[in-house]
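I opened this chain to look up a few local features and note them down. The entries follow in the order in which I went through them.

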Amino acid sequence: MKRKIILIGIVIVVLLAAAGLGYQQLTTSAAPAAPLQTTTVVRGTLAVTLLASGNVSPQKSAPLAFQTTGRIAQINVHAGETVQAGQVLLQLEPTDLAAALKSAQASLANAQAAYDAAQIKNAHRTDQLVGVRTQFEKAVLALQQAQSSYNAMAPGDNVGLTPQAAALQTAVIDYQAARAGYNLAAASINDDTALRAAQSALVQAQLAVDQARRNLDQAKLVAPFAGVVATINYSVGDSVGAAPAVVLVDLSALQVQAALAEVDVAHVKVGQTAELTLDALAGQTYTATVTAIGTLGTVSGGVVNYPVTLTLAKADPAIKPGMTAVMNIAIAQADNVLLVPTRAVNTEGNRVTVTVLRNGQSVATPVNTGLANGQSTEITSGLTEGDTIVVPQAPAQALPTPVGGLAPLLAPPGGGGGGQQQ
C-alpha cells in the first residue's frame, strides 16, 4: 500500500511538470512578435555641427586710468550707465594743475614780449645800416671828386702843398672812416643771436603751456568710445593710483571664445556659422560667425586645445558678458540628398548595408554613404527615394553628447517626397 502511494506521488509530480512545461510553451507561442520599425528614404539637407561652449565677452573693453595723480573731486556716471564717446566720467581736484597752467601762461607772455622787443631792436639796426650806408656812399663820391681835382693840376714841385692835395687827403680819411662804420653796422645786423635766443625761449614757453594744459585735461577721465560703464573703482575724495578708475565695455558687439581640441579645430574655418544658446536665456537662439582661430594651442589634460572666437550677428540687451554659451558650429552640409536614420546603417568591416523591406521581406542592401551625424546619414548610392527601410529599435536611454565634439543637426527636408526622419 505504501508503495502505491509513492508511485502515485511520482506520477502526480510528472504530470504537474508536464503541465507547467506545456503552459510555458503555450504562453511563449501565444506572445505576438514585435512589429518592425520602418521609415522611408527621403531627400533633405544634412548638416554636421561641432559642439563647443564658452563665455560671452565684449569685443571692445577698456580699463581707464588717470595719467596724473590727485584726488577724485567728481564722479559723473554710475555703474551700468550708457555713455557716449568724449563724455567726462570722473574728475580730479584741478587746483594745483590750474595754478601750474596760469604760471606757464605768464611765462609765455614774458617770452612773447622779449621776442617782440628783439624783433624791434633788430629792425632798428636795419635802419641804422641804411644811414651808415648813405654816409659811406657820400664819402666815396667825395673821394672821387677830390681825386679828379687833384689829377687836373699841372705837374710841379709843389703839387703836394696845394689845396687840391689837402682835399684829396681829407677825402681819403673820410672814406676810410665811412667804410669801417658801414662794415661794423653790417656785421651787427647779420648777428641775430639775440633774436634767435628770444625766439627759442618763446617756443619753450609755448610747450610748457601746452603740457600744463594737457595735465589739466588729464584731470578729466573721458570715455574713448560709446559703451556701458562696467565698474567704478573709486569714490569722491579717494587718491588715485595705478589701478583703473573705470572699466568701459561696448555691448553692441559681443563674442564668445571657446577652446576646441586639435581633432575638432581642423574642421573649423573662419566664416562658418553657428547656432548659439545661453544657459541664462532658455528658449532663445542666436546666430554667430567664426571670426578668428588661434594658431597657438595650449595643453590641458594631455589634449591640445586652440582658441576659436565667434561673433554674435546681433547683440541682445538681455545678453550679459560672462554668460555661458553653447554653440553648434556648422562644419559641413549636404543639400537635396537621400537621407536615412543613422541607426538604420549597418557596418560590418568594409561592407555597409541598410535593411530594405521588399514584398514583406527584409533584404540587407549594400549602400554607399556620405555625410553622417548622430541622427541621419547621407546615402550616395544603393537606395531610392521612397524606399521603405527597417530601423532597429532605439536603446532605452541614449547617452548625452558631450560638449566639445561632433553634434547632430538635421535641417528640415529640402524638397522631394517621403516622410520625416525618425
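**Entry 1**

I listed the contacts of Q255, with contact meaning heavy atoms within 4.5 Å. Leaving aside neighbours within four places in sequence, Q255 is in contact with N55, V56, S57, P58, Q59, T309, L310, T311 and L312. This is a predicted model, in which local features need pLDDT of at least 70 and side-chain atom pairs count only at pLDDT 80 or more, while totals for chains, interfaces and linings use all residues. Residues are numbered from 1 along each chain as its sequence is written, and side-chain values use heavy atoms, with hydrogens and water left out.

I placed Q255 in strand β8, residues 246-261. Helices (H or I, at least four residues) and strands (E, at least two) are DSSP runs, numbered from the N terminus. Q255 has a relative accessible area of 14% and is therefore buried. Here buried means under 20% relative accessible area, exposed over 50% and partly exposed in between, with a 1.4 Å probe and protein chains only.

**Entry 1: the whole chain**

I counted 5 helices and 20 strands in the chain. Of its 422 residues, 30% count as buried. Among contacts with a separation of 6 or more, 74% are between residues 24 or more positions apart.

**Entry 2: partners of β12**

I then looked up what pairs with β12, residues 303-312. Two strands pair if DSSP finds at least two bridges between them. β8 and β12 run antiparallel and are joined by 7 bridges. A261 stands opposite N305 in β12.

Strand β10 (residues 281-293) is also antiparallel to β12, with 5 bridges. In β12, T309 stands opposite A292. T309 is also one of the contacts of Q255.

Strand β11 (residues 298-300) is joined to β12 by 3 bridges, again antiparallel. V299 has V304 of β12 as its bridge partner. The hairpin of β11 and β12 has 2 residues between the strands, and in this hairpin G301 takes a positive phi near 60 degrees.

**Entry 3: I329**

I found I329 in strand β13. Its relative accessible area is 0%, so I329 is buried. Not counting residues up to four places away in sequence, I329 touches V48, T49, L50, A52, L260, Q272, T273, A274, V290 and L310. L310 is also on the contact list of Q255. The C-alpha atoms of I329 and V268 are separated by 7.9 Å, and the two residues are 61 residues apart along the chain.

I noted N336, a residue other than glycine, with a positive phi near 55 degrees. N336 is found in strand β13, residues 324-341. At 45% relative accessibility, N336 counts as partly exposed.

N359, likewise a residue other than glycine, has a positive phi near 55 degrees. N359 is in the loop between β15 (351-358) and β16 (361-366). Its relative accessible area is 81%, so N359 is exposed.

**Entry 4: an open sheet**

I traced an open sheet of 3 strands in the order β3-β5-β6, with antiparallel pairing. β3 (72-75) and β6 (220-222) stand at the edges, each with a single partner strand, so one side of each has no neighbour in the sheet. Direction ignored, neighbouring strands of this sheet are turned by 20 degrees against each other on average. For such angles, axes are lines fitted to C-alpha atoms, for helices over the stretch in contact, and angles run from 0 to 180 degrees between N-to-C directions.

Strand β5 (residues 88-92) is joined to β6 by 3 bridges. The bridge partner of Q91 in β6 is K220.

**Entry 5: helix α4**

I checked the span of α4 (residues 193-217), a helix of 25 residues. From first C-alpha to last, α4 reaches 36 Å, close to the 36 Å expected at 1.5 Å a residue. The expected span is 1.5 Å times one less than the number of residues. The buried residues of α4 are L195, A198, L202, A205, V209 and A212.

**Entry 6: rings**

I recorded the charged end of K60 over the ring of F225, 4.9 Å from its centre. A charge sits over a ring if NZ of Lys or CZ of Arg is within 6 Å of the ring centre and within 35 degrees of the ring normal.
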